[in-house]
Amino acid sequence: RGGLMRISLQRGNIVYLLLSGLVYFFAVYIAPLILPRTLSVGSRIIMTVIIALLATFIMIAYATKVKNDIDRKDRKHSFLIIFAIGLIGFIAMMILQGVINTFLQYLSQFYHFQTNSENTANVVKIVNSYPIFILYVVVLGPVMEELFFRKAVFGYFYDILIGSKEWIRFFIPALLTGILFAIPHDGFSPIMLIYIAMSFVFSYLYKFTNRIITPMIAHISMNGLVMVIQIMMNGSGM
């Protein structure tokens, strides 16, 4: 039986963590900033999507060659079951997000903070003007984020915590991953609770099925629904 918490730095694949992180952050945060300013906005959006597409293929190819302790466990479910579990996780996340949003809106009446995601609002504006960006938001972004934050980051911390209680191996990596995921999206704010909740739900889907595609399905479904709702709410004249 494991102790409460033990760390073995020899266990985690730090090379995979760093390289996948390098590809992810370059495609998502660095490349869009270094594109020539002489390009039109539309051309820069298209280039951003192309770079993200290439980065996604690179990350998928690399990920297939790397396995952590979660990936090595038996895979008992068929793809159909995996897909169903992913959709259940998506529904659970949307319900949880609704509860958290309601809670934050209640607290904002007393502490006066912003409850809407500026990141989401900015993304919706881009999608409204350049529909091709939907590919980035709904598919490429979620796939890259799950490969990096779930398989690389969560998987790394899960591995190095071998020997710890199983709930510790899950809780600490899920919490750290949620915080790391939230910072580049909406920074340190009450909205961080939503990103942390996402991390726990998606990490559980990954650990429960031992397949990274499960949280990908949930994440893609969630982003797709959010985009549809936001576009419908704001109308064509956003």
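This is a predicted model: local features need pLDDT of at least 70, side-chain atom pairs count only at pLDDT 80 or more; totals for chains, interfaces and linings use all residues.
**View 1. The crossing of helices α3 and α7.** Helix α3, which spans residues 79-111, and helix α7, which spans residues 192-209, have axes that come within 10 Å and cross at roughly 160°. Because angles over 145 degrees count as roughly antiparallel, α3 is described as roughly antiparallel to α7. The crossing in which α3 passes α7 is right-handed. On the α3 side the contact is made by I82, I85, G89, M93, L96, Q97, I100, N101 and L104, and these meet L193, I194, A197, M198, V201, F202, L205, F208 and T209 of α7. Sorted by type, the residues of this contact comprise 14 nonpolar and 4 polar, with no charged residue among them.

View 2. The side chain of E146 forms a polar contact, at 2.7 Å, with the side chain of H219. Beyond residues up to four places away in sequence, E146 touches K151, F202, I212, P215, M216 and H219.

View 3. When neighbours within four places in sequence are left aside, A218 is in contact with G86, G89, F90, F202 and L205. The C-alpha atom of A218 is separated by 26 Å from that of S129, a residue 89 residues apart from A218 along the chain.

Definitions and conventions:
Residues are numbered from 1 along each chain as its sequence is written. Side-chain values use heavy atoms; hydrogens and water are left out. Axes are lines fitted to C-alpha atoms, for helices over the stretch in contact, and angles run from 0 to 180 degrees between N-to-C directions. Helices (H or I, at least four residues) and strands (E, at least two) are DSSP runs, numbered from the N terminus. Angles under 35 degrees count as roughly parallel, over 145 as roughly antiparallel, 65 to 115 as roughly perpendicular and the rest as oblique. A crossing is left-handed if the near helix is turned anticlockwise from the far one by less than a right angle, and right-handed if clockwise. Contact means heavy atoms within 4.5 Å. Ala, Val, Leu, Ile, Met, Phe, Trp, Tyr, Cys and Pro count as nonpolar, Asp, Glu, Lys and Arg as charged, and the others, Gly among them, as polar. A polar contact is a pair of N or O atoms within 3.5 Å; within protein, one must be able to donate a hydrogen and the other to accept it, and residues adjacent in sequence count only if both atoms are side-chain atoms.
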